[in-house]
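Dear colleague,

Please find below the structure that I am handing over to you. My notes on it follow directly after.

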Amino acid sequence: MLGTIAALDLAAMMLLTFFDVSGRKLFTAPIYGAYEVTEFMMGVLIFSALPLVTARENHVSIDVLDPYVPAALGRWQRVVVNLLSSVVLAFLGYRLWVLSASHLRTHEVTMTLHIPHGPFTFAFAVLALAAALAAFVVAAAHLRRARGRDPA
Amino acid sequence: MTETLVAFAALLALAFARVPIAFAMLIVGATGFALTRGWHAAFDQVAQTTFGAGIDYELSVVPLFILMGNFVARAGMSRELFRAAYAFIGHWKGGLAMSTIVACAGFGSICGSSIATAATMSRVAYPQMKALGYSDKLASASIAAGGTLGILIPPSTIMVIYGIITETNIGRLFAAGVVPGVLAVALLCIAVRWVVWRDPKAGPAGERSAWSERLAALKGIWGVALLFLVSIGGIYAGIFTATEGAGIGAFGAFLFAFFRRALTWRVLRDILLESARTTSMLFMILIGALVFANYINFTTLPADLMGFVEQFSLHPMLVVMAICALYVVLGTAMEELSMILLTVPVFFPLIVALGLDPVWFGILVVVVVEIGLISPPVGMNLFVLSSLLPQVSTPTLFRGVMPFVVADVVRLFILAAFPAISLWLPSVLHIAGK
């Protein structure tokens with residue numbers, strides 16, 4: 001589901017930028033407020049893909065030392081690393097949650113289209129928390145030996 | 001100064017313990033910030049930075065160029081490029097490896113990722129080189145090395161990110177990459193020449209093509225030329241900003257992939273999803289680096305470094321050489337993007353204070369990243385090649401790539417010594433945007 005959202009969002013972003021730019025350059029008729037819509041689409045793109053990246057352990061990490069880490073220790077390393085990732089993501093989600101509360105309270109909106117910030121910050125917070133959950137599940141899977149050294 | 005060094009040490013320790021680099025930077029950056037400015041300020045800083053980077057219009061150039069690269073990689077445009085290059089230089093000794101490098105450069109003009117360039121070119125060039133009896137060593141290494149041109153020849157993901165974090169004009173960076181790109185092709189071809197001079201069996205000559213075939217092959221690359229002309233040419237001509245050019249380029253690449261019947265619903269979804277995941281991954285690193293940079297900016301490290309340079313009245317050139325040397329060494333073991341994001345906030349103020357050109361320094365940064373991508377043991381392009389070509393052993397690839405690493409280091413010195421090579425083209429173009 002998140003994958004579909006991310007894919008559709010990116011496709012829409014591409015189309016919006018293309019039609020906005022060609023409209024502006026060719027017919028001097030840009031799409032009203034396209035700039036602001038693009039900004040929020042970007043946020044949705046990044047945060048909706050975040051749980052997916054996390055669940056696949058696709059975050060960039062340095063694995064040069066892997067060949068020197070004994071297999072038994074490697075498993076615990078994966079557990080700890082994913083738990084730590086989970087904590088960081090949960091913290092990020094929590095702070096975005098706090099930020100969204102303040103956005104909702106002050107009714108912060110964008111300049112042109114008056115898009116409210118609050119619901120978006122709230123969605124980003126929820127998605128970051130979902131990513132934290134994903135990292136936690138991955139950690140648990142490593143603990144149960146349900147996951148190999150090189151995930152798909 | 002001491003606490004900053006402790007922070008860097010903690011960061012490296014976490015990163016080498018395999019904590020995702022983005023999170024390692026977040027942890028150390030936020031903690032450092034909290035210890036200098038208070039926890040409350042640190043918490044707010046993290047949320048604001050995350051939200052701010054997540055909805056920054058300027059940054060939308062990143063997913064759009066990634067998407068463009070993934071579309072052209074699937075559209076099969078690498079095949080025509082390789083054929084055209086082969087028609088002209090395939091009959092030279094090592095000509096196929098040189099054709100690969102030239103085709104990589106051509107592909108780099110519509111794709112901003114070195115990994116995508118190496119991956120797509122390996123499917124086209126490797127079977128051809130093997131068919132002609134090339135050694136695995138030369139065949140795989142020339143693709144890995146040629147692939148790095150993806151980020152030097154515009155568009156370029158690394159240039160976009162460097163431009164955004166240092167507020168350097170992306171259009172000017174894009175223009176500055178062109179002549180160094182040509183120099184890179186020449187030097188990499190010399191490296192091929194050296195390999196076949198040492199071992200003539202490694203890269204036998206192909207058949208000479210007639211002029212009619214050459215012209216026909218040249219016509220085959222009209223798609224690439226058109227895409228480059230409209231998207232990057234538009235940026236050069238000052239018609240588009242980088243973001244606008246990226247939007248046009250992504251849509252153009254989509255049309256090409258569509259009309260070449262390369263797209264099924266499934267493939268389209270895969271391309272979009274793959275691009276979304278890459279974007280999310282990059283942004284996490286970017287957010288981590290921004291949080292870390294916010295901390296560094298409150299420390300005395302940048303000023304201390306400046307003081308050090310002044311105290312010993314070091315020549316600016318010496319400083320640049322030292323920075324480049326550090327990058328080349330770090331790049332062998334570190335992931336390149338995070339290396340750049342971590343260190344640019346420290347070095348960039350120094351470069352500006354010394355009166356050096358940020359665009360030129362940006363090109364040097366790109367070149368050190370290229371070197372990092374193919375220098376063992378940790379080089380992304382080498383990993384990509386060994387996963388795509390399981391029949392080539394890793395030690396073979398490592399040995400094969402060494403002449404190309406040398407060629408790249410030579411290029412770094414030339415570009416550092418002669419800034420005009422990078423700065424001439426941007427100076428004659430009128431580029432839009434800030």
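Over all chains, the structure, which is a predicted model, holds 25 aromatic pairs. One of them joins B:F71 and B:F254: the ring centres lie 5.6 Å apart and the planes meet at 65°, so the pair is edge-to-face. The two residues come from distant parts of the chain, since B:F71 belongs to helix α4 (residues 61-74) of chain B and B:F254 to helix α15 (residues 242-259) of chain B, 183 residues apart. Are these two residues buried or exposed? B:F71 has a relative accessible area of 0% and is buried. B:F254 is buried as well, with a relative accessible area of 17%; the cut-off for buried is under 20%.

A further aromatic pair is formed by B:Y162 and B:F361. Here the distance is 6.4 Å centre to centre and the angle between the planes is 55°, and the pair is classed as tilted. B:Y162 lies in helix α10 (residues 157-166) of chain B, while B:F361 lies in helix α20 (residues 358-374) of chain B, so this pair ties together parts that are 199 residues apart in sequence. Both partners count as buried: B:Y162 has 2% relative accessibility, and B:F361 has 1%.

Aromatic residues of chains A and B also come together in one cluster, made up of A:F18, A:F19, B:F71, B:F251, B:F254, B:F258 and B:F259. B:F71 and B:F254, the edge-to-face pair described above, are thus found again among the members of this cluster.

I now turn to chain A as a whole. Its secondary structure consists of four helices and zero strands, and the order from the N terminus is α-α-α-α. The radius of gyration of chain A is 20 Å, whereas a compact globule of 152 residues would have one near 15 Å. Along the principal axes, the C-alpha trace of chain A spans about 65 × 40 × 25 Å.

Of the 152 residues in chain A, 50% count as buried. When contacts in chain A between residues at least 6 apart in sequence are considered, 74% of them join residues at least 24 apart. The accessible surface of chain A is about 7,400 Å², and carbon and sulfur atoms account for 72% of that surface. Finally, chain A carries 11 positive and 9 negative side chains, with the centres of the two sets 10 Å apart.

Yours sincerely

Key. Residues numbered from 1 in each chain as written. Chains lettered and ligands numbered in written order. Predicted model: local features only at pLDDT ≥ 70, side-chain atom pairs only at ≥ 80, totals over all residues. Heavy atoms only, no water. Rg over C-alpha atoms; globule rule 2.2 N^0.38 Å. Buried < 20%, exposed > 50% of the residue type's maximum accessible area, 1.4 Å probe, protein only. Contact = heavy atoms within 4.5 Å. Areas by Shrake-Rupley, 256 points an atom, 1.4 Å probe, with all protein chains shown as cover. Lys, Arg positive; Asp, Glu negative; His and termini not counted. Charge placed at Lys NZ, Arg CZ, Asp CG, Glu CD. Phe/Tyr/Trp six-rings, centres within 6.5 Å; stacked < 30°, edge-to-face > 60°.
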